[in-house]
Structures are given as C-alpha cells and as structure tokens.
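Hello,

Here is the structure I promised to pass on to you. Have a look at it first, and then read my notes below.

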Amino acid sequence: MKPAQVNKLYAKLKPYEQAALVVEAAARHDESAIDDILAHVELRHYLAPHADYTRQIHALTTLVGQYACEYWRIRTLMLLACEYVDQGNQQADNTALRFLAKCVALESAIVEVCKLAKVDIKAIKTMAGCPCDDVKPEALQKADAELVRQYTDMFAGLLGLNN
C-alpha cells in the first residue's frame with residue numbers, strides 16, 4: 001500500500017484504534033509510523049475546572065479517605081484491646097492506652113491540618129463517616145506531641161502543605 005493510502009486510512013480510524021497502532025509502532029521502534037498516526041489524531045478543545053481546583057479537590061478527597069482509614073483502624077484496635085481488658089487480660093491495658101493516645105493524636109492532627117488548609121473539620125469528618133464530637137478539645141491539649149507531628153506531617157503531605 002502506498003504511504004498516501006495508509007495515511008488516508010489512519011484518518012478514518014477511531015481514537016482507540018489509533019492508540020493501539022501507536023503502541024504497536026512503538027514496540028517496533030517505528031517512529032515514522034508513530035508520527036504518521038499522530039498527525040491524524042483528532043485534536044479537541046475541552047473546558048475543564050481550573051487545575052488548582054482539580055488538584056485540591058483530589059487532595060481533599062484523599063485526606064478524607066486517609067483520615068477515615070486511620071480513624072476506624074485505630075478505634076477498632078482500641079476497642080478490641082478494651083474488650084481484652086474487660087475479659088481480665090491486664091496486659092491489654094497498656095495496648096488500649098497506646099491506641100487511645102493514637103486516637104487523641106489523630107484528632108489533634110486533623111484539627112491542625114484543617115486549620116492550615118482552611119477547611120471545615122466537620123465537613124472532613126462527615127465525609128469520612130466519623131463522629132464530629134467524640135474527642136473533647138481539652139483532651140487534644142494532652143496529645144502526645146510526637147504522634148501529633150507524625151499524623152500532621154502525613155495529612156499535610158497529602159494536601160501539599162509541608163513543602
């Protein structure tokens with residue numbers, strides 16, 4: 001087939017067919033075929049939300065998911081440890097207290113990061129499916145500073161606040 005005929009066929013292909021041919025040409029290291037196909041890929045203009053908005057909404061969604069995972073994981077482990085304490089296992093007492101410390105540190109960190117990001121903490125907690133009033137503000141002041149720093153760094157990193 002002549003090159004002009006092949007080029008004419010490229011223009012008639014659907015985008016997914018063009019993409020498949022580009023991958024095949026790339027596997028053969030056939031740069032001229034890639035260029036010919038790309039020359040016939042239809043260009044379109046799209047309207048989309050501002051890139052900063054898109055980046056931030058994805059970051060906030062990730063924050064909600066990460067917070068929910070941490071919240072429910074720590075709560076579950078704390079409640080399991082408490083159950084063992086209730087059954088008379090005194091060794092579980094220290095474990096339950098460690099998980100309680102993590103719960104308080106997690107709450108302190110999410111409050112701090114939400115302030116930095118200027119996001120309503122109740123919105124984040126609601127989206128995560130977590131209660132909004134389970135840790136009293138006075139308890140947050142007693143949080144383990146190192147744990148708070150670790151959680152704060154993790155959450156702030158998701159939002160790009162620790163750059």
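Before the first pair of helices, a word on terms: axes are lines fitted to C-alpha atoms, for helices over the stretch in contact, and angles run from 0 to 180 degrees between N-to-C directions. Helices (H or I, at least four residues) are DSSP runs, numbered from the N terminus. This is a predicted model, where local features need pLDDT of at least 70, side-chain atom pairs count only at pLDDT 80 or more, and totals for chains, interfaces and linings use all residues. Residues are numbered from 1 along each chain as its sequence is written, and side-chain values use heavy atoms, with hydrogens and water left out.

**H4 and H5**

The axes of H4 and H5 cross at roughly 155° and come within 8 Å. That makes the two helices, H4 and H5, roughly antiparallel (the word for angles over 145 degrees).

H5 itself covers residues 92–117, 26 residues in all. From first C-alpha to last it reaches 37 Å, close to the 38 Å expected at 1.5 Å a residue (the expected span is 1.5 Å times one less than the number of residues). Lysine 118, with a positive phi near 60°, follows H5.

**H4 and H8**

H4 (residues 51–86) also packs with H8 (residues 145–159), at an angle of about 155° and with the axes 8 Å apart. H4 is therefore roughly antiparallel to H8. The residues of the contact of H4 with H8 divide into 10 nonpolar, three polar and two charged.

Which kind of aromatic pair do tyrosine 67 and phenylalanine 155 form? Their ring centres are 6.2 Å apart and their planes are at 65°, so the pair is edge-to-face. (Rings of Phe, Tyr and Trp, its six-membered ring, pair if their centres lie within 6.5 Å; planes under 30 degrees apart count as stacked, over 60 as edge-to-face and the rest as tilted.) Tyrosine 67 is in H4 and phenylalanine 155 in H8, 88 residues apart.

**H2 and H3**

H2 (residues 15–27) and H3 (residues 31–38) pack at about 165°, with their axes 8 Å apart.

Best wishes

Definitions and conventions:
Parallel < 35°, antiparallel > 145°, perpendicular 65-115°, else oblique. Nonpolar A, V, L, I, M, F, W, Y, C, P; charged D, E, K, R; others polar.
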